[in-house]
Amino acid sequence: IHTTGLSPQEIEAILTAHDSALASGDGVLKDQPRTAVTRVRGGTGWVCVKEYRRQGMVDRTKDVLRGSRASRAWEGARRLAADGIAAPEPLAVAERGHAAYLLTRYIEEAVPLNRMLADRFGGRLSAEEAQAKRRLIEQLAQWLRHAHDSGVYHDDWSAKNILVAEAADRWVFHLLDFESISPRKPLTRRRMAKNLAQLSDIPRGVSRTDKMRFMIAYARGDESLLRDRFPREVMAMARQRVLARERHR
């Protein structure tokens with residue numbers, strides 16, 4: 001459907017490796033009824049394959065009306081690249097049988113943000129690690145503000161959908177789930193609050209002080225984002241997410 005230069009034979013070889021990974025369990029990052037994600041070896045390095053599985057007539061109808069989720073992810077990745085927002089490089093979109101596939105370059109040494117915060121910053125920290133965490137929080141806020149200033153709205157800006165890697169004294173962030181970037185949904189103030197609430201809903205590794213620093217860095221001196229209704233709306237949405245998770249459990 002789309003490619004940045006991979007041949008049909010290379011794409012077929014990558015999809016075959018994806019099938020083998022799912023069968024063996026080696027390299028599987030996710031395997032659920034609607035999506036499966038693997039890390040496989042491609043011609044020029046490691047490739048991440050995301051398989052979008054169609055579940056019945058509803059999914060097939062949506063794909064006809066809106067394009068497949070893989071094709072929407074391709075367009076979302078192009079939007080991020082145009083706005084200078086880091087994300088895994090898209091390599092190809094393919095369809096086969098009842099599934100569509102998005103192939104992206106695998107980012108080495110990057111981990112989901114929620115895992116980084118819980119595993120590295122979830123306990124008592126040395127002074128050096130506390131500074132590293134503070135830089136992460138502030139730079140994450142600046143990165144999200146840049147995306148919002150560019151008009152980018154993502155339906156699920158939660159920590160699991162952000163990859164993070166440390167480079168010297170800088171943190172580098174990469175956004176995942178490109179299909180959740182909807183050009184039909186303009187970035188309203190309520191959607192800004194929703195994204196902030198999604199990002200603040202992290203069970204471990206983030207304190208109230210961290211959240212305050214995040215909001216100050218995100219606001220960039222805009223007092224309307226620190227007072228009145230906006231911060232209360234963010235906190236209310238975050239509480240709703242926590243309650244929904246507890247009900248689900």
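Rings of Phe, Tyr and Trp (its six-membered ring) pair if their centres lie within 6.5 Å; planes under 30 degrees apart count as stacked, over 60 as edge-to-face and the rest as tilted. The model is predicted: local features need pLDDT of at least 70, side-chain atom pairs count only at pLDDT 80 or more, and totals for chains, interfaces and linings use all residues. Residues are numbered from 1 along each chain as its sequence is written, and side-chain values use heavy atoms, without hydrogens and water.

**Exercise 1.** Determine how many aromatic pairs there are, and classify the pair of F121 and W171.

*Solution.* The rule gives four aromatic pairs. One of them, F121 with W171, has centres 6.2 Å apart and planes at 70°, and is edge-to-face. The pair links distant parts of the chain, as F121 lies in helix α4 and W171 in strand β9 (residues 170-175), 50 residues apart. Helices (H or I, at least four residues) and strands (E, at least two) are DSSP runs, numbered from the N terminus.

**Exercise 2.** Which residues of α4 and α5 meet?

*Solution.* L113, M116, L117, R120 and F121 of α4 meet E129, A132, K133, L136 and L140 of α5, contact meaning heavy atoms within 4.5 Å. By class, this contact has seven nonpolar, no polar and three charged residues.

**Exercise 3.** Locate D156 and name its side-chain partner.

*Solution.* D156 is in the loop between α5 (127-149) and β8 (162-167). Its side chain joins that of K160 in a polar contact of 2.9 Å (a pair of N or O atoms within 3.5 Å; within protein, one must be able to donate a hydrogen and the other to accept it, and residues adjacent in sequence count only if both atoms are side-chain atoms). Leaving aside neighbours within four places in sequence, D156 is in contact with N161, S180 and Q198.

How values were computed:
Ala, Val, Leu, Ile, Met, Phe, Trp, Tyr, Cys and Pro count as nonpolar, Asp, Glu, Lys and Arg as charged, and the others, Gly among them, as polar.
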